[in-house]
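Let's take a friendly walk through this structure, from its salt bridges to its cores and its surface.

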Amino acid sequence: MRVFLTGATGFIGSYLVPELINAGHRVVGLSRSDTGAETLTHAGAEVRRGDVNDLDHLRTAAAAADGVIHAAFNHDFANLKQHSEHDRQVIKTLGETLAGSDRPLIISSGTGLARSKTGGPVVEADDHVTSAEFPRAASEEAADALIAHGGRVMVMRLPQVHDTRHQGRIAQHIQLAQRQGRVAYVGDGKNRVPAVHVSDAVRLYRLALEKGQAGARYNAVGEEGVALRDIAEVIGAGLKMPVESITPEEAPEYFGWMAQLATIDLAASSNLTRQQLGWNPIGPDLLTDLATMDYRKR
């Protein structure tokens, strides 16, 4: 399969390119820079130069593909609404280009955007919040619109994707600790975040590309929930800093814009995803990667 991949030179993309190529697929990776293009060429991918927000360019690339994986997103939270609306247009453009065919489009979202119907861990059938509630949901709203018109569109909901270099949102916890000189969690710290090793996440993208069902939501969750207190203690050991509990009232001063995230439980399940796609996560867990990373390079 000839696969067009956005975000090809990013964290997930750097693992996804070889995953797809080793499975026999031809990868066309989008890159804005000479350095990124060189990296893709070295990995065995074809390079498509351009910016993800150049919609005409995306149409041309998607039209020549047998399937598309959209893994790019600008995580600059200072302009989250703007970037989320840009992503809505990107997804709309890709989906409309593939419309009328059985060619798959996989878009990337997050497990934290779903609202549990039961109060337990988020499952695949749980609906996402609206973009009015949280701007990032614009991506899933765009996917919903395409699915309603019969597109073979799938949503990949990601938790904290990690290796020993990158840890998603948890990297922000490390940076906060370095600025504050201590590592904090809220209350008893039993509230959780789900996680997955990046090698398992990219394998799931490939499985969804090859045999995913139109309209499906897949939760790329290796660990249903890792307690924030456990995370704080491992970070504290790595940074050689004190670890302490703070009250919900103290959370805004320490965590800033992440204060609400630091107080809620975001556990998520991937049972249905595993059953449907035969996916079995085997990579290192989050605490292992946090314990073995080099904190001197942070």
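## Salt bridges

A salt bridge here is a side-chain nitrogen of Lys or Arg within 4 Å of a carboxyl oxygen of Asp or Glu. Please keep in mind that the model is a predicted one. By that rule, the count of salt bridges comes to 20.

Arg203 pairs with Asp200 in a salt bridge, with the closest N and O atoms 2.6 Å apart. Both residues lie in helix H7, three residues apart, or about one turn of the helix. Arg203 is buried, and Asp200 is buried as well. Salt bridges with shared partners also join Glu19, Arg206 and Glu210 into one network.

Which salt bridge does Arg206 form with Glu19, and what is its N to O distance? The two side chains meet at 2.6 Å, N to O. Since Arg206 belongs to helix H7 and Glu19 to helix H1, the pair ties together parts that are 187 residues apart in sequence. Arg206 and Glu19 are buried, too.

Glu141 and Arg88 make another salt bridge through their side chains, at 2.9 Å from N to O. Glu141 sits in helix H5 (residues 138-148) and Arg88 in helix H4 (residues 80-98), so this pair links parts that are 53 residues apart in sequence.

In soluble globular proteins, nonpolar side chains tend to be buried together. The largest nonpolar core of this model has 31 residues, and the members that touch the most others are Leu5, Ile69, Ile106, Met156 and Tyr205. At least two residues of this core come from each of strand E1 (2-6), helix H1 (11-22), strand E6 (153-158) and helix H7 (198-211). H7 gives the largest share, eight residues.

Leaving out residues up to four places away in sequence, Met156 touches Ile106, Ile107, Ser108, Ser109, Leu204, Tyr205, Ala208, Tyr218 and Ala220. There is also a second, separate core of 27 residues, with Ile170, Ala195, Leu228 and Ile231 among them.

Thr6 is found in strand E1. Is Thr6 buried or exposed? With 0% relative accessibility, Thr6 counts as buried, because the cut-off for buried is under 20%. The side chain of Thr6 makes a polar contact of 2.7 Å with the side chain of His70. Residues up to four places away in sequence aside, Thr6 touches Leu30, Val52, Ile69, His70, Ala71 and Ala72.

Ala251 belongs to helix H9. Its relative accessibility is 1%, so Ala251 also counts as buried. Ala251 and Val186 are 65 residues apart in sequence, while their C-alpha atoms are 6.8 Å apart in space. Apart from neighbours within four places in sequence, Ala251 is in contact with Val186, Ile246, Gly256, Ala259 and Thr263.

## A nonpolar patch outside

Which residues form a nonpolar patch on the surface? They are Phe77, Phe134 and Trp257, with about 320 Å² of accessible area together. Trp257 is located in the loop between helix H9 (251-255) and helix H10 (271-277). Helix H9 is also where Ala251 lies.

Methods:
Residues are numbered from 1 along each chain as its sequence is written. This is a predicted model: local features need pLDDT of at least 70, side-chain atom pairs count only at pLDDT 80 or more; totals for chains, interfaces and linings use all residues. Side-chain values use heavy atoms; hydrogens and water are left out. A nonpolar core is a set of buried Ala, Val, Leu, Ile, Met, Phe, Trp, Tyr and Cys residues joined through side-chain atoms within 4.5 Å. Buried means under 20% relative accessible area, exposed over 50%, partly exposed in between (1.4 Å probe, protein chains only). Helices (H or I, at least four residues) and strands (E, at least two) are DSSP runs, numbered from the N terminus. Contact means heavy atoms within 4.5 Å. Patches are made of residues with over 30% relative accessible area and no salt bridge: like charges are joined within 9 Å, nonpolar side chains (Val, Leu, Ile, Met, Phe, Trp, Tyr) within 5 Å. Accessible areas come from the Shrake-Rupley method with a 1.4 Å probe; for residues, only the protein chains shown count as cover. A polar contact is a pair of N or O atoms within 3.5 Å; within protein, one must be able to donate a hydrogen and the other to accept it, and residues adjacent in sequence count only if both atoms are side-chain atoms.
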